[in-house]
Number of protein chains: 4
Amino acid sequence: MNSKNALLSASAIVEVPFQDCDPMQVVWHGNYARYLEEGRRALLKKIDYDYLEMQASGYVWPIVDMRLKYIESATFSQTIRIDAYLKEYESRMKIDYVISDATSTNVLTKAYTIQVAVDLQTKEMQFETPNVFRKRLMQCLEE
Amino acid sequence: MNSKNALLSASAIVEVPFQDCDPMQVVWHGNYARYLEEGRRALLKKIDYDYLEMQASGYVWPIVDMRLKYIESATFSQTIRIDAYLKEYESRMKIDYVISDATSTNVLTKAYTIQVAVDLQTKEMQFETPNVFRKRLMQCLEE
Amino acid sequence: MNSKNALLSASAIVEVPFQDCDPMQVVWHGNYARYLEEGRRALLKKIDYDYLEMQASGYVWPIVDMRLKYIESATFSQTIRIDAYLKEYESRMKIDYVISDATSTNVLTKAYTIQVAVDLQTKEMQFETPNVFRKRLMQCLEE
Amino acid sequence: MNSKNALLSASAIVEVPFQDCDPMQVVWHGNYARYLEEGRRALLKKIDYDYLEMQASGYVWPIVDMRLKYIESATFSQTIRIDAYLKEYESRMKIDYVISDATSTNVLTKAYTIQVAVDLQTKEMQFETPNVFRKRLMQCLEE
């Protein structure tokens with residue numbers, strides 16, 4: 001769950017909405033998955049391979065593993081920054097995340113998600129990343 | 001938004017989860033749509049016409065109008081009861097809801113939703129309720 | 001639920017997140033309350049009277065009535081615009097909303113919310129808008 | 001993330017709601033945190049130490065670590081069972097979870113959460129579990 005040796009990174013900014021916060025006045029721990037989704041969206045957009053592109057290419061990429069370590073709580077109205085780092089792509093897609101206060105850069109949460117490609121027709125899990133993803137990633141890295 | 005002249009009714013019980021509550025220590029107003037969904041699910045189950053049955057019958061029933069009047073706040077851990085009343089079905093499905101404290105029966109929220117049938121193939125909105133729904137409702141009312 | 005005779009307006013932009021969409025491939029109707037919250041936040045920020053300011057001033061403003069009319073469905077990745085219009089403030093705060101496609105300006109949803117001030121100490125509902133809100137609104141309108 | 005050597009266990013049943021499912025027709029991965037909450041609630045109720053009791057006793061117990069391994073997807077209307085197992089309590093509270101199909105008992109998801117006690121007055125993290133929790137747990141285990 002760190003930024004070292006990342007192949008690619010992207011970031012998103014979120015202003016914490018009221019309804020994401022719980023009676024303890026902080027973001028409910030389960031809602032951070034929403035913020036990871038924003039970071040992942042920014043990363044996949046860079047590769048030009050968002051969920052709609054994935055489906056069009058014949059694959060879905062379900063999350064098979066997610067871990068979150070909560071260091072400091074985010075609160076209502078706080079502007080947070082989600083940095084997403086592509087760490088693995090050859091057999092599965094592993095993304096590391098760092099969520100921090102957008103102003104102070106204090107780290108609030110660290111996380112990772114692991115996704116695998118599933119063929120939409122055969123429903124079979126792929127043990128190697130489909131060529132479509134490799135190509136787009138290579139194009140993106142060359143630019 | 002009342003129980004009078006309902007053709008059919010059903011109810012569901014929900015114990016308010018922590019994450020549905022906001023920093024004001026009450027259920028965030030937008031989360032009541034989740035509770036209406038529970039009441040509607042119980043009602044449609046009675047008619048043997050849940051969302052999966054709807055799709056299998058060739059229709060979806062999007063909500064086109066929803067109104068909620070908030071009288072008293074629900075809080076974490078409170079056991080609430082959602083009563084759903086079928087009020088119209090001939091050209092559209094109108095359901096009224098009363099959410100109350102399961103113990104004291106104090107009314108917390110009143111609401112309604114209006115749904116219309118859309119043909120899955122033609123994507124056209126139906127101005128009369130499809131026969132499949134009428135038949136199931138009649139069967140249910142006869143029993 | 002329209003923009004006519006609004007005292008003040010503000011807008012917010014949202015790119016529809018994946019998790020707000022349901023198995024029908026459209027935003028689940030209950031999730032639009034999240035988008036209204038973004039429009040309302042932009043409006044209250046203009047008046048310099050967000051939820052934290054409200055609390056500091058001794059009041060909370062629960063929503064007592066909300067209505068949504070769904071015209072067209074929003075879908076994953078669509079960029080939507082939420083326009084919020086302040087329509088009443090003297091005895092209660094009524095806000096009208098128009099949610100539209102940010103590019104085509106096609107209207108997707110119309111809505112309103114009504115909020116009333118509640119004194120944090122006495123827990124009593126206020127039948128006149130507290131002076132703190134009037135003053136901030138007047139300052140904002142003069143600018 | 002297993003049931004072995006658990007000090008105490010409890011279970012909850014959830015019928016997967018429509019709005020928890022995403023355009024891939026399965027529960028969005030982030031929504032499983034809602035189901036863990038139901039399992040945890042059942043477990044803490046057994047110890048007579050829910051969130052309200054925690055606060056009354058002078059502590060909050062934020063989640064500092066959460067991991068989920070997704071094996072099979074849950075779908076709309078499926079009845080799932082969440083088993084929660086108390087695995088550690090001396091310096092922190094570690095709970096393991098197994099989410100399975102309530103009928104077939106097929107395992108869908110495995111997870112754990114780690115919580116630590118924070119003193120509400122001093123805001124200090126506790127490195128030993130407060131006596132109030134130990135006492136309630138012991139009472140529960142003796143029964």
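The following legends describe close-up views of a predicted model.

**View 1. Chain A as a whole, with the confidence of the prediction.** The mean pLDDT of chain A is 95, and 99% of the residues of this chain reach 70 or more. For the complex, the predictor reports an ipTM of 0.95 and a pTM of 0.96. Chain A contains three helices and seven strands. Read from the N terminus, the order of elements in chain A is β-α-α-β-β-β-β-β-β-α. The C-alpha trace of chain A spans about 45 × 30 × 20 Å along its principal axes. A compact globule of 143 residues would have a radius of gyration near 15 Å, and the 16 Å of chain A agrees with this. Of the 143 residues in chain A, 40% are buried. Among contacts in chain A between residues at least 6 apart in sequence, 70% join residues at least 24 apart.

**View 2. The axis relating chain A and chain D.**

**View 3. The contact between chain A and chain D.** Chain A contributes 16 residues to this contact, and chain D contributes 16 residues. On the side of chain A that touches chain D, helix H1 (32-46) and strand E3 (63-70) of chain A each supply at least two residues. E3(A) gives the most to this side, with eight residues. By residue class, the side of chain A that touches chain D divides into nine nonpolar, three polar and four charged residues.

**View 4. Strand pairing across the contact of chain A with chain D.** E3(A) is joined to strand E3 (residues 63-70) of chain D by five bridges, and the two strands run antiparallel. Within this pairing, A:Leu68 stands opposite D:Met66 in E3(D). E3(A) is also the element that gives the most residues to the side of chain A that touches chain D.

**View 5. The axis and contact between chain C and chain A.** Chain C can be laid on chain A by a turn of 180° and a shift of 0.0 Å along the axis, with an RMSD of 0.0 Å. In chain C the C-alpha nearest this axis belongs to C:Val14, at 5.4 Å. The same surface serves both copies, as 100% of the contact residues of chain C recur in chain A. The contact takes 10 residues from chain C and 10 residues from chain A. Helix H1 (32-46) and helix H2 (51-56) of chain C each supply at least two residues of the side of chain C that touches chain A. That side is made up of five nonpolar, two polar and three charged residues.

**View 6. Antiparallel strands in chain C.** Strand E3 (residues 63-70) and strand E6 (residues 107-115) of chain C run antiparallel and are joined by seven bridges. C:Tyr70 has C:Thr109 in E6(C) as its bridge partner. Strand E5 (residues 93-101) of chain C also runs antiparallel to E6(C), through eight bridges. In E6(C), the residue opposite C:Met93 is C:Gln115. E5(C) and E6(C) form a hairpin with five residues between them. In the turn of this hairpin, C:Thr105 has a positive phi of about 65°.

View 7. A:Ile99 is found in strand E5 (residues 93-101) of chain A. A:Leu137 is 38 residues from A:Ile99 in sequence, and the two are 24 Å apart in space, C-alpha to C-alpha.

Technical notes
Residues are numbered from 1 along each chain as its sequence is written. Chains are lettered from A and ligands numbered from 1 in the order in which they are written. This is a predicted model: local features need pLDDT of at least 70, side-chain atom pairs count only at pLDDT 80 or more; totals for chains, interfaces and linings use all residues. pLDDT is the predictor's confidence in each residue, from 0 to 100. Copies are superposed by least squares on the C-alpha atoms of residues with pLDDT of at least 70 in both. Two residues are in contact if their C-beta atoms, placed from the backbone, lie within 7 Å. Helices (H or I, at least four residues) and strands (E, at least two) are DSSP runs, numbered from the N terminus. Ala, Val, Leu, Ile, Met, Phe, Trp, Tyr, Cys and Pro count as nonpolar, Asp, Glu, Lys and Arg as charged, and the others, Gly among them, as polar. Two strands pair if DSSP finds at least two bridges between them. The radius of gyration is taken over C-alpha atoms; the globule rule is 2.2 Å times the number of residues to the power 0.38. A residue is buried if 20 or more other C-beta atoms lie within 10 Å of its own, exposed if 12 or fewer, and partly exposed in between; C-beta atoms are placed from the backbone.
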